[in-house]
Amino acid sequence: MHGLAGELDIRKMGGLRKIMPTTFKTFVVASLAISGIPPLAGFMSKDEILNAAFNSKYGGGFLLWFVGVVTAFMTAFYMFRLVYRVFYGESRLDPEVAKHAHESPSVMTVPLVILAFLSTVGGFAGFPIIEKWHLLHNWLGPVFNAVAEHGGKMAETVQSIGLELGLMGVSVVVAVGGIWLALVIILRRPQIAEEIRKDYSFLYDLFFHKWWVDELYGMLIVRPLNRLGSLLWTGFDGGVIDGTLHGIANSANWSGGLLARLQTGLVQNYALAMTVGLVLVLFWTFFV
């Protein structure tokens, strides 16, 4: 975003690995990590999640594991679709943006390098299989054991190393498959995406428009609230509140103007008014 003057549309990018080498390298490391490629941190955490799902004590362990594996495949695919679209292929930058495209300054790239390094080695704090190497389990174990004992349900997982290695192997194959599929569709055979778009136009439109959630939200929430706001503004606020205040102001203005006519500045008029007033008082006193 910084190097492209705020550009956010990846369809208008491409070929940026030469312009932004540091950003490219750290981005690839992060993408490999989140895709679950060993020995990066994302692989360690993903393996723990999938393993815990497979060995769920509450039933449906295989289904939970399968959903997690499918999700891991989708994660690897869309992350490397992003990598290939942004950093590989021909540049699709607008001419004005291309003129000013540049690598970010060190104040931004140095934190990226640090995060990439932590994504590389941070997972070893939770190394699977070898219990003594699992620093997070050893550190947090007493806390969760106390919680489990308090609940009366101590969850103990007994699992063979072979099964855990098999589950890890499946997760790695799935992640590599997602990366490979993104490579094929985005770089090697981009016509596949166009064919899918044509053959499954409804699904393409559904996903492209994000299930039309924004349009549905606008129709059911935004527009009705705008109409209600306009009605309250023009009807209640403008008609009732402003009308009342304007009526009070106009009444004060009218009465002030009426009283102002009595202030003529002529002494004879004041004397005449006093005489008329006195006559009315005497008449009221003696005859009413």
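Leaving aside residues up to four places away in sequence, L16 touches L4, V86, F87 and L93, where contact means heavy atoms within 4.5 Å. This is a predicted model, in which local features need pLDDT of at least 70 and side-chain atom pairs count only at pLDDT 80 or more, while totals for chains, interfaces and linings use all residues. Residues are numbered from 1 along each chain as its sequence is written, and side-chain values use heavy atoms, with hydrogens and water left out.

**Backbone**
- The peptide bond from P38 to P39 is cis, with omega near 5°.
- W211 has a positive phi of about 60° although it is not a glycine, and W211 is exposed, with a relative accessible area of 57%.
- W212, likewise not a glycine, has a positive phi near 55°, and W212 is partly exposed, with a relative accessible area of 32%.
- Buried means under 20% relative accessible area, exposed over 50% and partly exposed in between, with a 1.4 Å probe and protein chains only.
- Most residues other than glycine have a negative phi, and most peptide bonds are trans.
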